[in-house]
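Work through the exercises below with the structure open beside you, and try each task before you read its solution.

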Amino acid sequence: MSTRSQRFIINPPSACPLHLRSVLGRPMSNIAFDLDDVARCAWNEILQTAPRSTSLFAFLEDLLEPGPNLVWTENGPGRGTEMRRSFSGLFGRFFARAYLQMHHNFVWFAAIDGDNFHLSPSWRVRRKLGSQTEMPDWICARPGELAIGEAKGSHQKGNVTRGGMPGPIKTADGQIRGVRVEKRIRAGSRTIWRPKRVKGWAVMSRWGLANPPRDPFLYALDPETDGEEFTPEEIDALVQAVARTSVEQTALGLGLLTRSEGKIAPAPRRQVRVADDEEKRLFVGAVITPFGPLDLDFDQARELSGLLPDPDLVRFVGLDEGLFTEYLQQQPLLPRQRQKIGNFSLVGSDGLVVAPIKQIIDPGYQTN
C-alpha cells in the first residue's frame, strides 16, 4: 500500500513527539501514514471490537484518490449523512490507533466495553460519578506509560484555525475527563477503589475530499483524568493488565481462545511461518477474506485467492506464537519489534501479523 499525508495539529504543541518536530522545535505541519500500518491497526481494532466481521481495511486504498495525500475520492465513502458519519467514525478509530501506535509508541489497546470495565480484579475504568458522557474507546499502554484514548472521525466542513477546538475534540476531551482509572485496595474489612491520574489522547481525523475539494487534517489533544500519581510498581501492574486484556481480546477475535460459561480457554491452533522471515518465527491465527474469517485450510485459501480480482485480499492474520504462549503461561508480556517481512507482510509491536496467504508456509503440525 502507499504512504499518505495530511495536515497535523496538536494541542498543546509541547505534547508533540520529538520526531514530529521541525528543526525549530515546532510541530511539523504534516503527518504521513503508511497505509499498511493503518490496515494492520484496523484489523486489530476489528478483531477486538467486532469479531467475525468482514474485511473493511482492504478497501482503504481503493477509496482514496491517487497521489501523496489522504484524500477520499469524490465526496468520501458512503451515501447520505448517516453512512458518511458511520464511515467517518470507523476510519477515525483506525487512524487514531495508527497515530498512537506509530507516533506515541503505544503497544497495547484494550477496548473499553461499557461502564465499570475491569482489566483485572485490581484495576478498572469507570465513569466518574455525575458524568453523562460516553465511555472512551481504549486504555492504551506501553512499558512505563498509560493513556486513555478516544478517536473521532469527521466528514464535516470546518477550519480548526478558527473558533478554537473542533466540536468532536471537545466531546472527546469530555469523555476522557469523565472517567477514572481505579485501583482496588483493601482497607480493613472494606474494599476501596482509588483513582489514579492517567494521561489522555483525543485524536480526530477530518477527511480530505476530492469533490468538493477539502484538505484532510489530524488533530490531537492530551487531557488527563483525575486521581493520584502512580507508583512505578502500580504502572507496571496496570501496563501488564492492559497488555493481557489486549492480547485476550485479539485472541478471542482470531478464535485462538474460546469463552464458555464465563471461562476462557485456549482452542486448538495451527502454527505457520511467513516466507522471507529471517527469524523463522511461528504465528497462530486465522485466514481472513473479504467475506470475513473462514475456516479454510491453506490450500483452499490459496485457491480462493486465485478466484479474486486481488489475490492479496485473502490474508493470514495472527499473533506471534511466543507472545501468545507468554499470555497463556501468565508470563510478563513484552513488546515485539515492528518489522516488515519481505515486501508484503507486516508484524507490529503488539505481535499481530498480517500477511498475504501466498506468503504463508505451513510446517504441517498442530498444537493444543
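Two residues are in contact here when heavy atoms of theirs lie within 4.5 Å. The model is a predicted one.

**Exercise 1.** Determine whether D37 is buried or exposed, and list what D37 is in contact with when its neighbours within four places in sequence are left aside.

*Solution.* Begin by locating the residue: D37 belongs to helix α1. Next, take its relative accessible area, which is 6%; since buried means under 20%, D37 is buried. Finally, with the neighbours within four places in sequence set aside, the contacts of D37 are M102, R338 and L346.

**Exercise 2.** Describe how helix α1 and helix α4 are oriented to each other, and which residues make their contact.

*Solution.* The axes of α1 (residues 35-49) and α4 (residues 232-254) come within 7 Å and cross at roughly 80 degrees. Angles of 65 to 115 degrees count as roughly perpendicular, and the two helices are therefore roughly perpendicular to each other. On the α1 side the contact is made by N44, L47 and Q48, and on the α4 side by S246, Q249, T250, G253 and L254. Sorted by class, this contact has two nonpolar, six polar and no charged residues.

**Exercise 3.** Find the strands with which β6 pairs, and name the bridge partners of W123.

*Solution.* Strand β5 (residues 117-120) pairs with β6 in the antiparallel sense over three bridges, and the two form a hairpin with two residues between them. Strand β9 (residues 179-187) also runs antiparallel to β6, joined to it by five bridges. W123 of β6 is the bridge partner of S120, while in β9 the partner of W123 is K183. As for burial, four of the five residues of β6 (residues 123-127) are buried.

Methods
Residues are numbered from 1 along each chain as its sequence is written. This is a predicted model: local features need pLDDT of at least 70, side-chain atom pairs count only at pLDDT 80 or more; totals for chains, interfaces and linings use all residues. Side-chain values use heavy atoms; hydrogens and water are left out. Axes are lines fitted to C-alpha atoms, for helices over the stretch in contact, and angles run from 0 to 180 degrees between N-to-C directions. Angles under 35 degrees count as roughly parallel, over 145 as roughly antiparallel, 65 to 115 as roughly perpendicular and the rest as oblique. Ala, Val, Leu, Ile, Met, Phe, Trp, Tyr, Cys and Pro count as nonpolar, Asp, Glu, Lys and Arg as charged, and the others, Gly among them, as polar. Buried means under 20% relative accessible area, exposed over 50%, partly exposed in between (1.4 Å probe, protein chains only). Two strands pair if DSSP finds at least two bridges between them.
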